[in-house]
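Below is a short report on one protein chain. Please look over the sequence and the structure first.

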Amino acid sequence: MRKLLIVLGVCVAVTVGSSSVAVAGLEEGFAAYKRGDYATALKEFRALASEGDAVATVAQANLGMMYENGHGVTQDYKEAANWYRKAAEQGCARSVRRQTMEPVINTLHDQHQRMFRLLDALESEIDAFDTGNALDFYIIDGILEYIETYPDRFHRPTESSVYQAMRRRLAGAEAAPIERIESEHGGLGAAVRALRNAVDANTRTVMFPRAFLVKKARDVIHGFRRHMTTEEERIFPLAREILSAEELEGIAFRNGGALADDEEEEEQRFDTLYRTIGRQVEIGLGASGT
Ligand SMILES: [Fe+2]
Ligand SMILES: [Fe+2]
């Protein structure tokens with residue numbers, strides 16, 4: 001009996017209790033895939049896909065990914081989705097959670113709603129600060145921590161997969177809005193980081209003029225709102241239009257399935273942070289607490 005963690009971009013599974021032969025086959029398939037020998041990888045994964053245990057789940061997910069990318073086979077999103085579904089049914093639990101309950105664009109939309117609510121909360125704190133109140137460091141830092149870190153870790157990887165798929169479909173000028181929106185991500189992250197540092201320094205060492213912090217904060221709020229509004233109003237509707245349901249399913253599977261345990265824990269931590277901020281500043285947490 002062997003315990004092995006297999007990560008091939010699409011599925012994480014601990015194959016406890018699987019036969020050594022099956023696990024060895026999976027390892028061989030994995031090694032073949034990594035060196036670009038897709039024929040061998042396909043042969044190994046196909047042979048294991050009907051095993052009916054954790055090894056089969058990984059093999060199925062990997063077959064899904066090979067069909068999705070056209071590696072060693074003709075690219076076929078339907079076939080990819082079939083394999084992903086099989087893997088999800090057999091116990092890629094995290095993928096089941098994301099794939100069947102939350103279509104990928106809905107997940108991105110829900111994450112935006114949380115961000116919009118946090119920006120509202122930040123704005124009312126900044127309004128109060130602007131009219132002479134003291135800065136509530138813990139609330140502001142909590143909001144900024146969420147806004148700085150959560151999108152990078154849990155939102156943009158999925159969003160980037162959607163945009164990458166869109167860019168494959170759109171030619172020349174048509175792809176320009178996607179490239180533009182993607183190019184904003186780095187600047188948004190840098191702006192919120194700079195604001196967080198300034199707020200932190202203001203509390204401990206340097207006192208910045210109130211108007212300076214207020215302006216920096218308003219710029220961050222405005223930048224994030226504008227970015228997400230463009231995504232909600234223009235980019236996401238286009239994604240639903242040009243990407244097939246199977247393709248979106250594949251993206252949801254890959255991003256949901258690739259979460260390692262420590263990442264799940266961290267996502268949970270952000271959920272708690274969001275709820276704590278929600279209670280402190282009395283922002284509506286949204287329907288069903290989201
Ligand atoms: Fe974005
Ligand atoms: Fe977004």
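## Burial and overall make-up

Of the 290 residues in the protein chain, 36% are buried. The model is predicted.

The secondary structure comprises 11 helices and two strands. Read from the N terminus, the order is β-β-α-α-α-α-α-α-α-α-α-α-α.

## Confidence

Mean pLDDT for the protein chain is 81. A score of at least 70 is reached by 83% of the residues. Among the elements, α9 has the highest mean, 95. Strand β1 (residues 5-7) has the lowest, 39.

Two stretches call for caution. Residues 1-10 have a pLDDT below 50, and in the model this stretch has 30 contacts beyond near neighbours in sequence. Residues 93-102 also fall below 50. Their stretch has 20 such contacts in the model.

## The largest nonpolar core

The largest nonpolar core holds 41 residues. Leu48, Val55, Ala59 and Tyr84 have the most contacts inside it. Eight segments each supply at least two of its residues: α1 (20-34), α2 (38-48), α3 (54-69), α4 (77-89), α6 (104-130), α7 (137-169), α9 (210-242) and α10 (245-257). The largest share, 10 residues, comes from α3.

Tyr84 is one of the core residues with the most contacts. Setting aside neighbours within four places in sequence, tyrosine 84 is in contact with Ala61, Gly64, Glu249, Gly250 and Phe253.

## A second core

There is also a separate core of 20 residues. Ile143, Leu144, Leu213 and Val220 are among them.

## Helix α3

From first C-alpha to last, the 16 residues of α3 reach 23 Å. That is close to the 22 Å expected at 1.5 Å a residue. Glycine 70 follows α3, and its phi is positive, near 70°.

Terms used
Residues numbered from 1 in each chain as written. Chains lettered and ligands numbered in written order. Predicted model: local features only at pLDDT ≥ 70, side-chain atom pairs only at ≥ 80, totals over all residues. Core = buried A, V, L, I, M, F, W, Y, C linked by C-beta atoms within 7 Å. Buried ≥ 20, exposed ≤ 12 C-beta atoms within 10 Å, placed from the backbone. Helix = DSSP H or I, 4+ residues; strand = E, 2+ residues; numbered from the N terminus. Contact = placed C-beta atoms within 7 Å. Expected span 1.5 Å × (residues − 1). pLDDT = per-residue confidence, 0-100.
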